[in-house]
Amino acid sequence: MKLVPLGDRIVLKQLEAEETTKSGIVLPGQSKEKPQQAEVIAVGPGGMVDGKEIKMEVKVGDQVIYSKYAGTEVKLDEDQEYIIVKQSDVLAVIEK
């Protein structure tokens, strides 16, 4: 199954949270907060959205930081979880 976003929507796959801190402290499962970093899996076409011309600023493969409470979580094939967000919910692209 494949997700194809519409308009200014972006499909993200959340990056895994680190199990230990930089100082070597192991974090138990319940205390971990989901990271707001994700990889872009699919990008909508942009175009006219609510009467405004939207140019898509991200591309497939980019790593981004998105708003904490943004998007809709979608689960596919029992083990694949994705988040669908509007482009305006993406705060930054991580460049390496």
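## What you're looking at

This is a predicted model, in which local features need pLDDT of at least 70 and side-chain atom pairs count only at pLDDT 80 or more, while totals for chains, interfaces and linings use all residues. Residues are numbered from 1 along each chain as its sequence is written, and side-chain values use heavy atoms, with hydrogens and water left out.

The chain has eight strands and zero helices. Both are DSSP runs numbered from the N terminus: helices are H or I with at least four residues, strands are E with at least two. Read along the sequence, that gives β-β-β-β-β-β-β-β.

## The sheet

Six of the strands form an open sheet in the order S6-S7-S1-S2-S5-S8, with antiparallel pairing. Two strands count as paired if DSSP finds at least two bridges between them. At the edges sit S6 (72-76) and S8 (90-94), each pairing on one side only. From one strand to the next, the twist averages 40°; axes here are lines fitted to C-alpha atoms, for helices over the stretch in contact, and angles run from 0 to 180 degrees between N-to-C directions.

Let's zoom in on S1 (residues 9-14). Leu12 shows both links: its bridge partner in S7 is Ile83, and in S2 it stands opposite Val40. S7 also pairs with S6, antiparallel over five bridges, and there Ile83 is the bridge partner of Glu73.

## The cores

Leu12, Val40 and Ile83 turn up again in the largest nonpolar core, which has 12 residues. A nonpolar core is a set of buried Ala, Val, Leu, Ile, Met, Phe, Trp, Tyr and Cys residues joined through side-chain atoms within 4.5 Å.

There's also a second, separate core of five residues, including Val11, Val74, Leu76 and Tyr82. As a general point, side chains in a regular strand alternate between the two faces of the sheet.

## The chain as a whole

Buried residues make up 25% of the 96 in the chain, where buried means under 20% relative accessible area, exposed over 50% and partly exposed in between (1.4 Å probe, protein chains only). Among contacts (heavy atoms within 4.5 Å) between residues at least 6 apart in sequence, 63% join residues at least 24 apart.
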